[in-house]
Structures are given as C-alpha cells and as structure tokens.
Amino acid sequence: MYDRPPLFSPARRRLALRATAAAVALSAALLAAGCGSSQDTAQNAKSTASSPAGFPVTIDNCGVKTTYDKPPARVVTIHQHPAELMLALGLKDRMVGTAFPDSAVLPKLRKSYEAIPELAKKEPSFETVLEAEPDLVYGGYGSAFAKNEGRSREAFADAGIDTHLNREYCGKKRVTMKDTYDEIRTIGRIFGVSDRADELVADLRRRVGKATSAVKGEPSAPVFVYDSGDKAAFTAGGMSLGTELIQLAGGRNVFADLDDVFGDVSWEQVVERKPEVIAIYDYAGAGSVEQKKKFLLSQPALKDVPAIKNKRFVVLPLTATLVGIRPAYAVEGLARHIHPESFA
C-alpha cells in the first residue's frame with residue numbers, strides 16, 4: 001500500500017477550484033464592469049491604423065474583457081497544458097517562462113518545452129512572474145491566479161499585465177471536447193494565428209475520428225477511473241472530460257452517474273459495477289502508477305473484479321484530461337487499450 005495522497009492533490013484541487021469558480025468569475029466580472037468605461041476609452045484610443053491585420057481582438061474570458069491591439073510577445077504559462085497548447089500552435093518564440101509541469105511532455109513538444117525557462121516547480125510567486133517581464137500570463141488551473149497567494153488577475157492588471165485563464169475554470173461545471181477546440185481557437189485569435197488553430201483543431205478531430213471509427217460497433221466496455229485514495233476511491237464523475245474520452249474510445253465510465261467532475265465512491269460500489277478496465281490517472285503527488293497498481297491488486301475485496309483478475313490497466317496522464325491538446329491523443333491511447341483487437 002502506498003501513502004495516502006495529500007488532501008489537495010491536483011485532481012482534488014481541481015474539484016475544489018470548480019466549486020469556487022463561479023464566485024471567482026463573478027468577482028472578475030464586477031471588476032471589469034467597475035472600470036469598463038475608462039478601459040474601453042483607453043483601448044479605443046490605442047486601436048490605431050498601425051495595429052496588425054486582424055487586430056484589435058477583444059476576448060471575454062471568465063468575465064474579464066481584454067482587448068489585444070497586437071499579439072502578446074512575452075508570455076508566461078502557469079501549468080503544463082497551456083504551455084503545450086502554445087507550443088502546438090508554433091508560439092515558442094513568444095514564451096519566456098513556464099511553471100508547474102504535471103507529467104511527461106508530449107514527445108514531439110519536449111525539446112521546445114525544455115528550452116523555455118522553468119520559473120517554478122509549482123505556481124511561481126507574483127514577484128517571480130514579474131521578473132520574467134511578461135505582457136500576458138496564461139493559467140491552466142484556477143490556482144494560477146490565486147488571490148490569497150498574491151497572483152490575482154487584478155494584481156496582474158494593476159502591473160500592466162494581461163491574463164488569460166483556461167476556460168475549464170470559468171464556472172462551467174461540465175467539460176467537453178468542444179471546450180478543448182474552443183480554447184485552441186481562442187488562443188489562436190489572441191496571437192493572430194487563427195489559421196494554425198483551425199489546422200490544429202482539424203488534426204485533433206481527425207485523430208479522434210480515426211480512433212472512434214476503429215472501435216465502432218464494439219461493445220461498450222465498463223471502465224473505472226482510479227485517481228487516488230485508499231479508504232475510498234477518488235474517481236472521475238459524469239461531468240468530467242475523462243468520461244467523454246472513455247466514451248469516444250469505446251468504453252463506459254462506470255461512475256458516469258456521479259453528478260460531478262470528481263468524487264469519492266466506496267470500494268463496494270466499485271465491486272458492484274464490475275469494471276473490465278481500470279484507467280489510472282498519473283500525476284505527481286498521489287503515488288506512482290506502479291504503487292497504485294500494487295495497491296489495487298493487493299485488496300482482497302477487489303479480487304473478483306474483472307479488471308483486477310485480468311490485470312487490465314491503462315495509464316492516463318492527468319494532463320490528458322485537461323482542456324488543451326492532449327485529450328485527442330488520450331482517446332487513441334484509451335481505444336487501443338479498451339479494444340486492442342480493433343487495432344491488431
């Protein structure tokens with residue numbers, strides 16, 4: 001058995017952040033409304049004939065309206081998935097800092113990612129971000145702009161720095177593949193590379209389509225998502241992007257009826273639902289994949305669960321379940337594990 005993961009592991013933190021996302025969005029909207037007229041005047045004044053083609057661009061992000069008169073030139077990304085999204089759009093030259101890697105970077109992006117300065121292993125301090133002299137900070141989790149840690153969007157605005165928060169944390173409870181495509185297109189607009197964004201979305205859609213076509217007609221295999229936990233299992237619910245990924249891959253999340261993104265379920269419930277495959281979420285802070293497998297295989301109560309008897313595990317990096325470019329890759333990987341016969 002491995003040590004119980006911290007109470008605020010990345011996935012649990014995601015769940016807690018969602019619970020407050022609506023309040024954060026409302027606060028941001030009130031801030032924007034309070035200074036909207038003067039900002040609008042200033043923005044209009046800055047919108048001159050010298051603006052690049054397609055600009056100015058105004059983005060309403062989680063209640064914060066930002067007008068870009070030109071593409072940002074110095075960007076700090078906080079959390080891995082925003083960094084990978086920017087790199088996939090060919091925006092490496094705009095990135096002056098990254099922070100908080102969650103898992104292994106996509107192989108084709110690894111060299112570029114490692115060439116960008118890493119500001120911190122977790123969320124960097126406000127002062128550390130300022131030292132990189134960004135004109136935009138792009139956050140993945142809501143904690144990128146944690147007010148109690150001095151990194152609120154208001155604080156960055158006061159310092160003359162724009163911010164963008166991944167749409168997953170804009171207060172909308174359910175997350176879908178459409179959110180991933182919309183996020184890519186939004187970043188494409190901000191940087192004036194909408195053509196690249198459209199091409200990337202088309203490529204990702206093709207990747208998903210190829211995987212779903214391969215498993216079409218196959219029986220829907222019951223899948224249990226194991227994130228963490230020992231006394232109870234912390235798993236992905238019906239509102240999670242993970243549930244849609246499993247479905248696209250020819251599976252069925254056995255806890256799709258859990259009306260939340262994540263939640264605790266009993267081991268008795270896991271046994272009752274007889275999963276044939278267990279998807280293990282992999283990320284730092286909750287034990288290694290091998291520790292998780294060892295724990296699950298050592299539990300007497302689970303010995304008759306089909307997935308345990310047949311040792312059918314599939315590993316899913318946590319970043320693959322976040323709004324960005326990774327979910328499309330995850331569908332293919334899941335499909336190959338859930339229905340290997342379709343890829344023989």
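A: A polar contact is a pair of N or O atoms within 3.5 Å; within protein, one must be able to donate a hydrogen and the other to accept it, and residues adjacent in sequence count only if both atoms are side-chain atoms. Here, a polar atom of the glutamine 80 side chain lies 2.9 Å from the backbone nitrogen of serine 103. This is a predicted model, in which local features need pLDDT of at least 70, side-chain atom pairs count only at pLDDT 80 or more, and totals for chains, interfaces and linings use all residues. Residues are numbered from 1 along each chain as its sequence is written, and side-chain values use heavy atoms, with hydrogens and water left out.

Q: Is glutamine 80 buried or exposed, and which residues is glutamine 80 in contact with?

A: Buried means under 20% relative accessible area, exposed over 50%, and partly exposed in between (1.4 Å probe, protein chains only). Glutamine 80 has a relative accessible area of 0% and is therefore buried. Contact means heavy atoms within 4.5 Å, and, leaving aside neighbours within four places in sequence, the contacts of glutamine 80 include Phe100, Pro101, Tyr113, Thr319 and Arg326.

Q: Where is histidine 81 placed, and what does histidine 81 touch?

A: Helices (H or I, at least four residues) and strands (E, at least two) are DSSP runs, numbered from the N terminus. Histidine 81 belongs to helix α3, residues 80-88, and is buried because its relative accessible area is 2%. Not counting residues up to four places away in sequence, histidine 81 touches Asp102, Gly140, Tyr141, Asn166, Leu322 and Val323.

Q: Which strands pair with β3?

A: Two strands pair if DSSP finds at least two bridges between them. Strand β3 (residues 75-78) has Val75 and Thr77 pointing one way and Val76 and Ile78 the other, all of them buried. Two bridges pair β3 with strand β4 (residues 95-99) in the parallel sense, with methionine 95 in β4 as the bridge partner of valine 75. Strand β6 (residues 136-139) also runs parallel to β3, joined by four bridges, and isoleucine 78 stands opposite glycine 139 in β6.

Q: Which residues have the most contacts inside the largest nonpolar core?

A: A nonpolar core is a set of buried Ala, Val, Leu, Ile, Met, Phe, Trp, Tyr and Cys residues joined through side-chain atoms within 4.5 Å. The largest one has 80 residues, and Ile184 and Phe191 have the most contacts inside it. Helix α13 (residues 326-338) gives the most to this core, with seven residues.
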